[in-house]
Amino acid sequence: MAPQVLMVAEKPSIALSIANVLSNGKMLTRKSSLDVHEFDGKFLGQNVHYKVTSVIGHVFSVDFPAKYQDWATTDPMDLFQAPVLKSESNPKAHVSRHLNQEARGCGQLVLWLDCDREGENICFEVMECTGFRENDSRRRVYRAKFSSVTQKDISRAMENLVEPNRNEALAVDARQEIDLKVGVAFTRFQTSYFQGKYGNLDSRVISYGPCQTPTLGFCVQRYLQITTFKPEKFWVVRPFIFYKGFELQLDWERHRLFDMDVAAMFQKLVIQDGLVGVVAVSEKHETKGRPSGLNTVNLLKVASASLGFGPHLAMQLAERLYTQGFISYPRTESTSYPSSFDFRATLSTLANIPMWGDYVKTLLAEGYHKPRSGTDAGDHPPITPMRSATEDMIGGDSWRLYQYVCQHFIGTVSPDCKYIRTKVEFSVGGELFHCTGQRVTVKGFTSIMPWLAVNEKTLPQFVKGERIEVSNVDLHEGSTSAPDYLSESELISLMEKYGIGTDASIPVHINNICERNYVQVQGGRKLVPTALGITLVRGYQCIDPDLSLPDIRSFIEQQITLVAKGQADHSLVVRHVIQQFKQKFGYFVKKIENMDALFEAQFSPLADSGKPLSKCGKCLRYMKYISTQPARLYCGMCEEVYYLPQRGSIKLYKELTCPLDNFELLIFSLLGPEGKSFPLCPYCYNNPPFEGIDTLYGASKTGTSLKIGKGAGMPCFLCPHPTCRHSVITQGVCACPECSGTLVLDPVSAPKWRLYCNMCSCLVFLPEAAHRISTTEERCVECESKIIEVDFNKKTTPLEDGSTLHRGCILCDELLHSLVEVKHGKSFLKRTGGRGRGNGKGGRGRGRGRGGAGKLDPKMSFRDF
């Protein structure tokens, strides 16, 4: 049997492209957790059997151990010294297991991950899953370096395989650990402190990030410049002349004056003279240089300023175009092409596109120009079109971005734009004035990039020494104006200048401050900070300005770059940076009252927020419902906050109370016609009363340190109380057909009665228009599912004798089975416990003095669905 070679790409689409090229389209594809493409070929001169598969981004994510996950029991200060561990980013995809299985029997591993630091880090994640090691002579590891998924690039990468770079991978590890510890410590402290005091913050978490917060700081700094700006009046003398059919306004050499009386004096002198003399006429040949190659930052700036795409969307579109093979790798800092780049071949590819085909053919015939020298960051060539496309092939927004990439590339190999600049200088009343004109002689690259064209202005022919009558002299009054809010394009420039984030992470940081409700994107893609964003930054400024300034992050990025180059030790850099932030955090906690004073002036206390909704089980007073994010109840008497499920509506549930704690029950309803509704007790939701509950509703996925206490909890459909009529024991009907959950009766779904899964999005629609459907205490003798009782409508009853009452199992009763329909609805439930099929309930254990949970039989099934 031929030796086996395993190849791993970063995305399934990239794996498919690589396999297509290397096999000439002759391969077999089998389904697994991720597709595996197999074919025979040669590798390093030897006949081998190839297996090409992929990951889906990072295999692992960094997080804290379970003991540090609970916000209530963990002091944020402890997080700086807490250990970190790596867990699977997407456990349900089983990527680690898939790689381990496919690597069995393979003697060589070729890594086709993206060629940046993140990709290098994923290389070592793949090696960990597959059992390959560096410097192992028996099982070799190779790294493929490529910038596009074209046949030429893939073939070149196969001929120039290198080793994975451990230092670049360690640089990513360092950044991940620093960002995790610093971000989570500050975020937990801020969120717990301020959300427990104020009701209208309108944000689920009050987050801090070493990159995110300086990014917000730029926006708030501009806002403060605007609000503190004081306009100042100025005056400008503007003479007008008529000459050879042209009316011209002359520009004053003094530009403007801030003293009206002095400006009026100059106006009077000009009027008294009445004749302007031509002092000088000059012509100068100017050149507007063609652009350098296109890098990520410039693409994002153009996308925001000219195409109307936010950075996050722009990168999504660019990555899609890359994986489809239309453009080269879109994350690059370089603007300089390598000397070996084949410009003619790329131009020939674009000559088939009607929009600029004629122009490209002219370039090929008359000779193209090599691009201007730019910056070579040593990562990837500039973003370049790789194959021709049409709007029908790739769609509207993607086409607009692709169109710009093509035009930019064509512009880089076009001639420079050349024009003649004419300046005429005048003298009148002892004051100097001028006017300028511009005439294009060679359009050059502006023919393909018309938005960069020189604005032409024609002037009549003036002769030095001649005198021309002044037709009018205005004294224009104006005022200095405040700067505008930062645009996304300007913010990207500032982030690049100060080293905040990388070309890949800049869009993420901008998107984060928008999603956190710190800034809002308004017309012209201007970033306007909210009251919360402004108050946060002002708070940092009055406690420790470094926390919102770019300097610290710039220093961190410099240190991480040294790690990537092998010039600094990874663990020492992490230890030093963490120690700095630990000291800053301690000082921040001590001085939090300074920030709190700003919050107190801007936001309403919890006691003054919200509307009375339900009674507290402790004091029997009404608690207030605060609907702004995060949705929660506040008891003013007990001074307790109870978080609720997010992104839905809440109302009182018939003034029913929980048998465990006497809190009034609520009904939560997800939005939309298929959104589930379920009861919950506010106290049990926040303080699950039974041990061993391994599932929380609304919890973030495993591996996220912000998952507990902000909207995640135990509703009634997860409660194993044996006698409560709202618990999963009472309302649960049978096992879910799609997961290990239980199908529970929706108590308020009439007249469109239904069951929903307490763990996934499965919905089962029951007979419509029934007067009543309820569960009973009986169980089916065949499958042990709960027997339900249906009271049909007299006019529409399906019962032959015209009766309306019917009892049966929805799985085994032929009538009921024929009347139900399985469908998916909307749910945000994610498991936080282990994998595998369970016994159809949301958790079990010992209660607080009310007895244990009854068992749901594991044999319950949803046969024949």
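Predicted model: local features only at pLDDT ≥ 70, side-chain atom pairs only at ≥ 80, totals over all residues.
Local features need pLDDT of at least 70 and side-chain atom pairs count only at pLDDT 80 or more, while totals for chains, interfaces and linings use all residues. Residues are numbered from 1 along each chain as its sequence is written, and side-chain values use heavy atoms, with hydrogens and water left out.

First, the cores. A nonpolar core is a set of buried Ala, Val, Leu, Ile, Met, Phe, Trp, Tyr and Cys residues joined through side-chain atoms within 4.5 Å; buried means under 20% relative accessible area, with a 1.4 Å probe and protein chains only. The largest has 128 residues, and Trp-112, Tyr-402 and Phe-581 touch the most other members. Helix H5, residues 166-195, gives the largest share, 10 residues. Helices here are DSSP runs of H or I, at least four residues, and strands are runs of E, at least two, numbered from the N terminus. A second, separate core has 37 residues, including Tyr-653 and Phe-690.

Next, the helix pair. H6 (residues 212-227) and H16 (residues 531-543) pack at about 100°, axes 9 Å apart; axes are lines fitted to C-alpha atoms over the stretch in contact, and angles run from 0 to 180 degrees between N-to-C directions. That makes H6 roughly perpendicular to H16, a term for 65 to 115 degrees.

Last, the sheet. Three strands form an open antiparallel sheet in the order S30-S31-S32; two strands pair if DSSP finds at least two bridges between them. S30 (772-779) and S32 (805-808) each have a single partner strand, so one side of each lacks a neighbour in the sheet. S30 pairs with S31 (residues 786-791) over 5 bridges.

Notes:
Parallel < 35°, antiparallel > 145°, perpendicular 65-115°, else oblique. Buried < 20%, exposed > 50% of the residue type's maximum accessible area, 1.4 Å probe, protein only.
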